[in-house]
Amino acid sequence: MPVSVELPLLVVGCGYIYSDQLAKLQQYVIQVSSVRASKSDDKRLSIFTGTKTLHLRCQSREDRTAWIEALGVAKDQFPRLLSSGDFASSEDFIVSTEQLRSRLVQEGIGEAVIKDCESIMLHEVAELQNQLKALQVKHIMLLDTLRQLETEKIELETTVVDETKERDSCCGQGRRFSDFYSIMSEGSASDSDADNESRYGVDVETDEEDGAFFDTNDFMSAESLRSASYRSREGAGNACSSLTFENENLSGHTREVGIEVKAIKYPYIKRRDSLPEPKEKEKPVGLWSIIKDNIGKDLSGVCLPVYFNEPLSSLQKCFEDLEYSHLVDQALEWGKQGNDLMRILKIAAFAVSGYASTEGRQCKPFNPLLGETYEADYPDKGLRFFSEKVSHHPMVVACHCEGRGWKFWADSNLKGKFWGRSIQLDPVGVLTLQFEDGETFQWSKVTTSIYNIIIGKIYCDHYGTMRIKGSGKYSCKIKFKEQSIIDRNPHQVHGFVQDNRTGEKVAMLLGKWDEAMYYVLGDPTTKPKGYDPMTEAILLWERDKSNPKTRYNLTPFAISLNELTPGLREKLPPTDSRLRPDQRHLENGEYELANAEKLRLEQLQRQARKLQERGWRPRWFSKDEDGCYHYGGGYWEAREKHNWEDISDIFGQTSDPSPIIEE
């Protein structure tokens, strides 16, 4: 509603407005939808006009009170906006049929016909009343939603102003170092088992861990990262061949190693570096029209068109986490040389590197069918990987990978919730890495959220605490910082390595999950005031920056996952993800065929729960007493013999008779 007000002295944003300076502009007409008082500043208030928010600051608390009262009085002088009360259900009105009866009697109509006419009219009126009530309910819900969004918008903008003010007042040197010391004084990496309850190792976070991060303006600035990367490359040989501490008390954790870690040479295999050119123009569909009725629900049961998928399955995504498996190879070699600290540092970098390829990925992978499998034989990385969907409700994917001198296995599930403007994905499962010398490391993934799925630029963020429990000397705790609305340095990760016997912190980790990870030796809390860890940071891992922009923002490694190389199709079982028709059509840009196949397969998948209830068991994995799935062996032997006779064709008859063409 328009409100005419006389402006006294105000502070608008960062500028002051005096009435004597604006003699000609003392009267303003603004739309006032609501007025809110700031909780953090007793002189500030916010006026929401319906399209924008005005942040005003008075000279005193009394002035603010006078403003709020004056605006309230001015609002009352004008007709108010509609509220939910205006749409409240009214009492059912009574419809009289006397006039109808009288007119029909005049026409000489019989009593039986008159009663039928009255009954028909009353029935139609009742139907109309029901429709009106349904519309009233929809209008009330819509109005309440709009008011809730208005409140959230005001709170968000107020938060931005408050955080900006706080940042401006606390960006000095003292804040920087106090933040650093609060980070390194966090809880133990070998926390009690209560922090890791549930068989899948879900972390139970506490409020004590919140809010302790590096200052984004200083520690993790782009300039600091670039200089650290340069120093690391310049002295990489020295860092690998000789590791010493300034503090002699820590010399037991790492010792000078006279032999550098030698890189394992694997054969070169040419793989594709791009997807096929799409044969059709994509027809995007509004996401809101599909999932608006599923707010707060588990998304695993929501059927989305193929346009929201990328041409990879969740089974293949498991293997994508092993893109930087050379870090595990390096960890193996460090362990052979007796350097257990460098081993766990490399494992920590490997655990973080699995998130690097998620940046810019806005589409979801295909949900595998029950019994669907995927194999990846990559001699150019020294890996043989296999995964299978082992359960439909809950949806669980199990995988097993063999490298040179180590094994990796996991069973995982994502519990997804839609919250209106974002999707939250909570991982459930434990990842295990075991070296040939028997040392084992276990960890669980952190929470992932996808924001702005309705309006704005879509982006994802990973946040939470990852605990890497080692069976040997060391364990590690890594904190993924949640991105804030005004964060100029997002995707930050920090943590520390701790001695399992003494509880002593022996190294610090810091970096970004989409760029690089660094380490600093020693316990940073023992450093003098003014210590900047980035001056001594050494590079552990850096993301491959040569990746070109591709469809779906897939990396070259991800592009190779669904490739059918010559002769491969004859070796694959009929359950392999590469043979899934809807996924193949989507990769080829045949969107209509892909959507038709996806709908057909989803109808077949509805029978999966019945199969599971009848005693269906996975072919290649078995469940232990703790409910974890382990690879039982036999797949690669069956592949060698082309023995797939007892494997059913879960993809069935396709709607497109044309064969899948090998690349």
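Me: Why is the pair Glu372 and Arg580 called a salt bridge?

Reply: A salt bridge requires a side-chain nitrogen of Lys or Arg within 4 Å of a carboxyl oxygen of Asp or Glu. The closest N and O atoms of Glu372 and Arg580 are 3.3 Å apart, so the pair meets this definition. Glu372 lies in the loop between β9 (364-366) and β10 (373-378), and Arg580 in the loop between α11 (556-560) and α12, so that the pair links distant parts of the chain, 208 residues apart. Both Glu372 and Arg580 are buried. The model is predicted: local features need pLDDT of at least 70, side-chain atom pairs count only at pLDDT 80 or more, and totals for chains, interfaces and linings use all residues. Residues are numbered from 1 along each chain as its sequence is written, and side-chain values use heavy atoms, with hydrogens and water left out.

Me: What makes a stretch of chain a helix or a strand here?

Reply: Both are DSSP runs, numbered from the N terminus: a helix is a run of H or I with at least four residues, and a strand is a run of E with at least two. For example, Arg639 is placed in helix α15 (residues 635-641).

Me: How do you know whether Arg639 is buried or exposed?

Reply: Buried means under 20% relative accessible area, exposed means over 50%, and partly exposed lies in between (1.4 Å probe, protein chains only). Arg639 has a relative accessible area of 13%, and is therefore buried. Leaving aside neighbours within four places in sequence, Arg639 is in contact (heavy atoms within 4.5 Å) with Glu375, Leu568, Lys571 and Trp644.

Me: Which class of exposure does Lys279 belong to, and what does Lys279 pair with?

Reply: The relative accessible area of Lys279 is 59%, so this residue is exposed. Glu590, at 12%, is buried. Lys279 forms a salt bridge with Glu590, the closest N and O atoms being 3.2 Å apart. Lys279 lies in the loop between α6 and α7, and Glu590 in the loop between α12 (581-587) and α13 (591-605), so the pair ties together parts that are 311 residues apart in sequence.

Me: How do you know how α9 and α10 are oriented to each other?

Reply: Helix α9 (residues 326-336) and α10 pack at an angle of about 170°, with their axes 8 Å apart. Axes are lines fitted to C-alpha atoms, for helices over the stretch in contact, and angles run from 0 to 180 degrees between N-to-C directions. Angles under 35 degrees count as roughly parallel, over 145 as roughly antiparallel, 65 to 115 as roughly perpendicular and the rest as oblique. The two helices, α9 and α10, are therefore roughly antiparallel. Residues making the contact include Leu327 and Trp334 of α9, and Met342 and Phe350 of α10.

Me: What makes α10 largely enclosed?

Reply: Of the 14 residues of α10, 13 are buried, so this helix is largely enclosed by the rest of the structure.
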